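Got the viewer open and ready? Grab the selection tool and let's take a walk through this one, stop by stop.

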Amino acid sequence: MELLRPELLPFALAALIPLWLHLRGRRHAPQLAFSALRFLLEQDPARARAMRLRERALIALRMVATAGIAVALAGPLLPSCGPAAGQGAMLGDEPVDLVVLLDDSLSMRAGTGGESRFSVASKRAAALVASLPRGSRAAVVRTARPADVLGSGLISDLRSVATELRGLRPRASADDGERAFALASRLLVGSERGRMVLLSDLERAGWAAVQGTAVAGAVARGARVDVVAVGGDVVDTAVVSARAEPAPDRGARAVRLFVTIGHHGPRPFVGTLLVEIGSRAIRRGVEVAAGAERTFELPVAADAPIARVALLGGDDALPENDVRHVRLAGDEAVRVGLLNGAPRPVPREDELFFLRRALEVGAPGLGALALDELREADLTAERIAHLDVLVLANVAELAPTALAALIARIEAGMGVVVTLGDGAGRAAVLGWLGGLLPETLADAQTGAADPGVRQADLLHPLPITVALARRLQPAIPALGELRAQRRLGLLPRPDLDAHVALRWSDGLPAALGFARGRGRIVLWGSSIDLDWCDLPLQPGFVPLAAGLVAAAAGQGAERATTAVAPGEPIDLPRREEARTLEIRDAAGAVVRTMQAPLDSTASRRRWRAVAPDAPGVYEAIERSAAGVLEQRVLVVAPDPAENPAARLAGLDLPEPTATAGAASGSARRPRWPVAPYALAGLLLLLAGEGLLLVRGARGGRGGRGGRAQEAA
Amino acid sequence: MLEPAAALRVEAGEVVRRAGATGLPTGRPQHGAAGGLHVGRRRGGGIEFAEHRDYAPGDDLRHLDWRAYARRDRLLVKRFEAEVHTDVWLVLDGSASMALVEPAVSGGEPVDKLHRFRVLALAIGLATVAGGDAIGLDVPAADGPATSLPPRGGSAATRTLGDALLQVRGAGEPGLPSWRPRGRGAVLALTDGLAPADAVVAPLAAARRAGAEVTLVHGLHPREIAFDFESVMTLRCEETGDERIFDPRRMQDEAAMMMQAHCRALRFAAESAGVRYVFADLGGDLAAPLRELLASAGQGRRSA
């Protein structure tokens, strides 16, 4: 609690005055020999106790009232989510260009008292927009993945913006804070009166990752950023992930189901894990400590292609993330081939030693990986036909036949990850790699030591670059101590700058993404050789390796093995003769329909859609003029980043936000002045007590004769 | 300036005069010497006809009712009620709670609770002696020697009674609960009743069972009735030394109600035991309780 006039708070010590008066009154009260009172009180001990208690309560009430007056005069300010709270202070009277960043992620569905956080936030946002001074413009950016701008950007028709805000619903994906701030900044480019207001529950998953650059960028462009926290902390238990692995030791159709349950709340979660496979239901009691995640392993028979995993029991403010569907087919792991161009006899000096260890734990979104180590001689069309991803580490040169097989396989959908090394230097980059890539690189140059890496750039026009940047994003915070003695900066042509997903601090590209046919090529601008850098020893190496492979694998591989999050792009291969793609839900209702473009070049033969907002099992049906070509099962799971819903311990947005918001301290946390209400309440209390006293005095003075008569 | 004893007599005499009391009637037949104004328990030589009975040899021929013989042709003897004197015992509560001197109302004259009891007691004594009866005094004490004055008649008895009353000092625990009845005359207990009702009534009930006519005169100081103090007071119990803060603004109503409840309990306990109950507001006219004593005395008594 903050105070407007804290210097008045010491007057709360005046609460001692009633006590002092009471004690003083006791000491100075005239004495009288009078036995009747003692006798009466002894006769009725219960009443005597009640009288004593009442007297003490009265003194306490007076003390509280006195202290309350002092506190109320000090002007306490309490947090509030009321729609009108703090608006005037936040926006002022001058016209502004306001971008409302509205958190519509999964966790905003949680709420208490029958109203969700999102409902509170959207009403507040609508009221905020409606209260803007004449001449203002407003736009709304939804922050859930994929963050987007609602409508056509900044417009002066504030009423329609407010109406649009009221019609929004929360999505089932996590926050995309960086992109949301970047989009908001882009909307305010050139505006001298730019303002941003983020209305969010500050969910840990979505906002802890906001590193400040986006906010700092927004502030640097002159925009003021205010953050309005919505809702309190909630209890949430969620199925964070569920995956299946073959269990050949238990039978041909046996799989092991790994279900990770996360729990956020003050007490441990004790409930039941329900697994439904076809008509069978398996129940298992589970217990998860407060604030922890725990993985449960269940051996099951894959009697059906999809298992439904659900949590039962316990308090839960967000039941949407209690259910998850998982594919049980055990033979659909992403197959990754590893090829070392210069293998070494000592394992720890071998580049693939660390890479294999990193990839053995699997990759987020892909699940388990089936690793297959290859030699150069294995680069034939037959040998690589089953691979989803091929990692080429330190390959100095490729035979033309191998290169041709590789290109054919890439165009058919395989992904390739290329890392450099002693052998794969500038010559290799400009040689065989130039032939592999769809565009040639301009040059490669040696970079200085220890540059560190920048933030991934998430605002790219190319899907492959965005996907790569997003995959590498989680690894960057853990690469802070990276020491790179040698680097080879890959320099694409200036018009190919859009391929750079990650740069070194000195501006040289660190990671590039290319699409070729249905496949993807990812380049890492350094080696995973310890002689080049200590990357394999960094904690960020595991997510980095997984990110490179996942980006190269693309949605095609992901579709085969795991679920897609709501709002995520769906990238499915499209047959040449296909005309439409229908996505139907479990009830058979059509959720999405897509038409194939007429100019179907090879590179565009993909179905690119956005996953439905509601988690569940869907069917993607590809049709031609002749009929159904293929039916695929599409699993949409709640975004694991939102599970469980756990709020940031504090407002952990970076310093520029605080600086930006400091101009109006009350704006960052709208507050409700309690002083008038507290004073009114205290006056009522005092008036009530006075009334009782007057009534008691009147009753006592008027009735001696009557009492005597009555007693007689 | 009168001597205290004379002043007390004057004050009590004024009360008797205002009450119009010329004797203290009793409600039931009394034991006692013949010649008094109270109905005796035996038939005897009074002048009030009581009944006829058949003549028996040896009866006094003066009592033969010749007119009845003429009417009924049967010898009947007239019998008359005995007229006796009685002894009246005053039992005065001399506990510490009686020593309350406090104005009845703000700024008024102080009302001495014990003195008002003395006046009332002496007024009863004067009325008793005026009826030809004997008056005695008991001041029982719970933790000390009791004052006792055997019943005597005549003006000297009232003088002695006044002197004895002036010797009474309010001190100690209530002695009435430990009082034991003497004789079978009339008993008038004067007390403020600041003891449990059962304890106050128990010795009086014992006297009633022993054949005495018992009256409880319950007197209270006006402050003890209304608790209408002007300011916060420290009220000290003289009997226990206990002190309590009394804030009249908050506690007055409740204390007054508790006192009313106690009065009702005392009255109920007394009447249940066959003891008459008379309330006396010691701040008011003492002739009122005396008149009530005269009026509430048992029916069938002979007027003095």
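Start in chain B and select strand β11 (residues 233–236) together with β12(B): the two pair in the antiparallel sense over four bridges. Strands here are DSSP runs of E with at least two residues, helices are runs of H or I with at least four, and both are numbered from the N terminus. Two strands count as paired if DSSP finds at least two bridges between them. Now pick out B:Arg236, which stands opposite B:Glu243 in β12(B).

Before moving on, a word about what you are looking at: this is a predicted model, where local features need pLDDT of at least 70 and side-chain atom pairs count only at pLDDT 80 or more, while totals for chains, interfaces and linings use all residues. Residues are numbered from 1 along each chain as its sequence is written, chains are lettered from A and ligands numbered from 1 in the order in which they are written, and side-chain values use heavy atoms, with hydrogens and water left out.

Click on A:Phe269, and you'll find its bridge partner in β14(A), A:Val288. At the hairpin of β13(A) and β14(A), two residues sit between the strands, and A:Gly278 takes a positive phi near 60° there. Then bring in β16 (residues 306–312) of chain A, which pairs with β13(A) in the antiparallel sense over six bridges. In that pairing, A:Thr272 stands opposite A:Leu312.

Time for a helix. Select α7 (residues 177–187) of chain A: eight of its eleven residues are buried, so the helix is largely enclosed by the rest of the structure. Buried means under 20% relative accessible area, exposed means over 50%, and partly exposed is in between (1.4 Å probe, protein chains only). Among the buried residues of α7(A) are A:Glu178, A:Phe181 and A:Leu183.

Now for some charged pairs. A salt bridge here is a side-chain nitrogen of Lys or Arg within 4 Å of a carboxyl oxygen of Asp or Glu. How many are there over all chains? The count comes to 35 salt bridges.

Zoom in on A:Arg117 and A:Asp201, whose side chains meet in a salt bridge at 2.7 Å, N to O. This pair links distant parts of the chain, 84 residues apart: A:Arg117 is in helix α5 (residues 117–130) of chain A, and A:Asp201 is in the loop between β9 (194–200) and α8 (204–207) of chain A. Buried or exposed? A:Arg117 counts as buried at 4% relative accessibility, and A:Asp201 counts as buried at 0%.

Over in chain B, select B:Arg18 and B:Glu14, a salt bridge at 3.6 Å, N to O. They are four residues apart in helix α1 (residues 4–19) of chain B, which means about one helical turn separates them. B:Arg18 is partly exposed at 36% relative accessible area, and B:Glu14 is partly exposed at 31%.

Another stop in chain B: B:Asp54 and B:Arg74 form a salt bridge at 2.6 Å, N to O. B:Asp54 lies in strand β2 (residues 49–54) of chain B and B:Arg74 in the loop between α2 (66–72) and β3 (76–84) of chain B, so the pair ties together parts that are 20 residues apart in sequence. B:Asp54 is partly exposed at 40%.

Last stop, the cysteines. A disulfide is a pair of cysteine sulfur atoms within 2.5 Å, and the count over all chains is zero. Select A:Cys533, which is buried at 1% relative accessible area, then B:Cys237, which also counts as buried at 1%.
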